[in-house]
Amino acid sequence: MNITGRDKISIATIILSLATISITLLYRHGIFGVEVDFNKPVKELETRVPEYLYGIRIDSLNVTSETVQSGQTFSKILDSYGCSARTIDQVVRKCSGVFDLRQLREGNQYTVMTTMDSLSKLQYIIYESTMRDYIVFCFKDTITIHAQQKQIETRRRMASATIESSLWNAAVSAGMNGTVAMNLADVYQWSIDFYAIQPGDSFKVIYDELFIDNKSVGVGTIWGAIFNHNGKNYYAIRHEYTEKGIRQQGYWDENGRSLKSAFLKAPLKYSRISSKFSNSRLHPVLRIRRPHHGVDYAAPKGTHVHAISNGVVTHKYYERGGGNVLKIKHTRGYVSGYLHLSGYAKGIKVGSQVKQGDLIGYVGSTGISTGPHLDFRIWHHGRPIDPLKMTDIKGEDIGKAQRAGFEVVKTKIMKELEGAEYHTPSAEAPKGSMPDLFKAVMKKQ
């Protein structure tokens, strides 16, 4: 039987159709290990989300992180990645004014980015000089070097603690950064004598905690607080406003009264009272009773002593009993005295103008003294008064023009302190996007 060319084509078509049907059936029933649902719509191809590190797209690069070893230089690092002497020389010259390569520190991290091909060509080295600061060395078409900073994320916190021994220990035991205690002492320095706080005193505080790469790096602004001392509540509300084109900020109580006083509660921080104001105290060295018209603060030698208010230095001298003495004249007839100093701050002399909080001297044990301490005294119109009982001279209260704005802030802070939640927008960049910080830099590369 003769088969024509037309018949051959028909037979081939039938065989091809049967093969197609057979393969389809095999896939449907998973004969090849793959079960296919032909009724299921075909998914669109998913777009891969770009990955960034230090503002550099890294999904097409090999990325490794290392730490600087003892005795390692940046030239040695470059040499280990095949950089020529000419390239190393270019890097050294282009670093001028950007980063001192001699400041490379053992233990600091650096990240290396190379191409994914067999050549593994060096593209970037990023050196972290501090937790926030880093240097980007680009080795692409042209060598470029840029100093950058990581983004700081601010997280609003509210925490509370009860004091058992000290403000610092209470804050740390409650899981707070110890800086919160220091900042609280600054906020309340005119209202609360922290040398007189006692077990049972408590506080609640709203503050910003700062993070870099999800690691806590410090404490930012304190926005509000309530401190219970001796059974009395002391509120602190932070308010910011612009007056006559100048940005102002400060802390006020719930009634709009300024927490800032014309006088600090004490001229030094983190000490203890070893002797109080008395008209008949047994002198620890002379063993006789005589007036002690001051407050003794026991503190290590060299502890900083600060002016309690603005004023003018009127006396600076040495005497047998008080050792190195400094006296400052303030407004409204007040004079403050600082005795037993180990030395005076630079530039302090009779006639010097000082501001509240200025460093004026250092704790010592000069004169007749059993150990390092500050004998602090106050006179009002020549009459000695007890510094611990001195009537406060307050700063300015909230003015009429700022009252409405303050009330809005106060209401919000008071609700927070009572437990209302506060939500703050995340400072993190959306996944897959390039932070604005780096866009300008990347355009140049």
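**Exercise 1. Characterise the salt bridge between Arg93 and Asp89 in this predicted model.**

*Solution.* Step 1: the closest N and O atoms of Arg93 and Asp89 are 3.1 Å apart. A salt bridge requires a side-chain nitrogen of Lys or Arg within 4 Å of a carboxyl oxygen of Asp or Glu, and Arg93 accordingly forms one with Asp89.

Step 1: both residues belong to helix α3 (residues 85-94), where they are four residues apart, about one turn of the helix.

Step 2: buried means under 20% relative accessible area and exposed over 50%, with partly exposed in between. Arg93 has a relative accessible area of 52% and is therefore exposed. Asp89, at 39%, is partly exposed.

**Exercise 2. Determine where the salt bridge between Lys410 and Glu407 lies, and classify each partner as buried, partly exposed or exposed.**

*Solution.* Step 1: the side chains of Lys410 and Glu407 meet at 3.1 Å, N to O.

Step 1: the two residues are three residues apart in helix α6, about one turn of the helix.

Step 2: Lys410 has a relative accessible area of 16%, so this residue is buried. Glu407 reaches 27% and is partly exposed.

Step 3: helix α6 (residues 400-417) lies across β8, β9, β10, β11 and β12, and runs at about 135° to β11.

**Exercise 3. Describe the sheet that contains β8 to β12, and identify its edge strands.**

*Solution.* Step 1: the five strands form an open sheet in the order β8-β9-β10-β11-β12, with antiparallel pairing.

Step 1: β8 (153-162) and β12 (246-252) each have a single partner strand, so one side of each lacks a neighbour in the sheet; these two are the edges. On average, neighbouring strands are turned by 25° against each other, direction ignored.

Step 2: within this sheet, six bridges join β10 (residues 215-229) to β11 (residues 232-243). Ile226 stands opposite Tyr235 in β11.

Step 3: helix α5 lies across β9 (202-212), β10, β11 and β12, at about 45° to β10.

**Exercise 4. Is Ser309 buried or exposed, and which residues does Ser309 contact beyond its neighbours within four places in sequence?**

*Solution.* Step 1: Ser309 lies in the loop between β17 (304-306) and β18 (311-319).

Step 1: its relative accessibility is 6%, so Ser309 counts as buried.

Step 2: apart from those sequence neighbours, Ser309 is in contact with Ala262, Phe263, His330, Val354, Lys355 and Gln356.

Methods:
Residues are numbered from 1 along each chain as its sequence is written. This is a predicted model: local features need pLDDT of at least 70, side-chain atom pairs count only at pLDDT 80 or more; totals for chains, interfaces and linings use all residues. Side-chain values use heavy atoms; hydrogens and water are left out. Two strands pair if DSSP finds at least two bridges between them. Axes are lines fitted to C-alpha atoms, for helices over the stretch in contact, and angles run from 0 to 180 degrees between N-to-C directions. Contact means heavy atoms within 4.5 Å. Buried means under 20% relative accessible area, exposed over 50%, partly exposed in between (1.4 Å probe, protein chains only).
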